[in-house]
Amino acid sequence: MTGGDHYYGDVVRMENTTNSVGIDKRTVVNGGSAAVPELERAVQELLPLLQELRGQLRPLASRTVEAAEAEIGGSADPEVRRTALERVGGILESVGTAGAPALALIHQILSMLGG
């Protein structure tokens, strides 16, 4: 694998062994466990910004961002977070400069998630 490759689902690598059984289903965030506190700090920094920006959005977009906040702040699953962050990022691009700080954090979090 190279740094730019993206794999979804199980990736199995066999190392010239016999009698190998099972797949290791642990999740590793880019940077390993040391990146987790930094990731959580960025998420906690993002959530109030999103709450503040909801008032500047149309009702449907505001409800979408509100629902995504729960997925971003409440899920440890990187794919759930990534999808919610991408959805919110698309909405915030329409806000203009008011959304720039939140968008910067979204991009930072996505890079920590490997996306």
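## Salt bridges and helix packing: a working chat

Colleague: How many salt bridges are there by your count?
Modeller: The count comes to five salt bridges. Keep in mind that this is a predicted model.

Colleague: What does Glu-40 pair with?
Modeller: Glu-40 forms a salt bridge with Arg-81. Their closest N and O atoms are 2.8 Å apart.

Colleague: Where do those two sit?
Modeller: Glu-40 is in helix α1, residues 35-54, and Arg-81 is in helix α3, residues 78-92. So the pair ties together parts that are 41 residues apart in sequence.

Colleague: And Arg-81, buried or exposed?
Modeller: Arg-81 is buried, at 4% relative accessible area. Glu-40 counts as partly exposed, at 29%.

Colleague: Why can such side chains pair at all?
Modeller: Side chains of opposite charge can pair when their charged atoms come close.

Colleague: Next one. What does Arg-41 meet?
Modeller: Arg-41 meets Glu-45 in a salt bridge, with 2.6 Å from N to O. Both residues are in helix α1. They are four residues apart, which means a separation of about one helical turn.

Colleague: Over to helix α3. Which residue does Glu-79 bridge to?
Modeller: Glu-79 bridges to Arg-82, and the N to O distance is 2.3 Å. The two are three residues apart in α3, about one turn of the helix.

Colleague: Is Arg-82 buried or exposed?
Modeller: Arg-82 counts as buried, at 11% relative accessibility. Glu-79 is partly exposed, at 35%.

Colleague: Change of topic. How many residues are in α2, and what distance does the helix reach?
Modeller: Helix α2 has 16 residues, 59-74. From first C-alpha to last, α2 reaches 23 Å. That is close to the 22 Å expected at 1.5 Å a residue.

Colleague: Which residues of α2 are buried?
Modeller: They are Ala-61, Ser-62, Val-65, Ala-68, Glu-69 and Ile-72. These cover an arc of only 125° around the axis, so they lie on the same side of α2.

Colleague: What does the face turned away from that buried side carry?
Modeller: That face of α2 carries exposed residues: Pro-59, Leu-60, Arg-63, Ala-70 and Gly-74.

Colleague: Back to Ser-62. What is its relative accessible area?
Modeller: For Ser-62 the value is 15%. Buried means under 20%, so Ser-62 falls in that class.

Colleague: What lies 3.5 Å from a polar atom of its side chain?
Modeller: The backbone oxygen of Arg-54 lies at that distance from the Ser-62 side chain.

Colleague: What is Ser-62 in contact with, beyond its sequence neighbours?
Modeller: Leaving aside neighbours within four places in sequence, Ser-62 is in contact with Arg-54 and Leu-57.

Colleague: Last topic, Leu-53. Where is that residue found?
Modeller: Leu-53 is found in helix α1. Leu-53 is buried, with a relative accessible area of 5%.

Colleague: Which residues does Leu-53 contact?
Modeller: Beyond neighbours within four places in sequence, Leu-53 is in contact with Leu-92, Val-95, Ala-98, Gly-99 and Ala-102.

Colleague: What separates the C-alpha atoms of Leu-53 and Leu-92?
Modeller: Those C-alpha atoms are separated by 8.4 Å. Along the chain, Leu-53 and Leu-92 are 39 residues apart.

Key
Residues numbered from 1 in each chain as written. Predicted model: local features only at pLDDT ≥ 70, side-chain atom pairs only at ≥ 80, totals over all residues. Heavy atoms only, no water. Expected span 1.5 Å × (residues − 1). Buried < 20%, exposed > 50% of the residue type's maximum accessible area, 1.4 Å probe, protein only. Arc of directions from axis to C-beta. Salt bridge = Lys/Arg side-chain N within 4 Å of Asp/Glu carboxyl O. Polar contact = N/O pair within 3.5 Å; in protein donor to acceptor, adjacent residues only side chain to side chain. Contact = heavy atoms within 4.5 Å.
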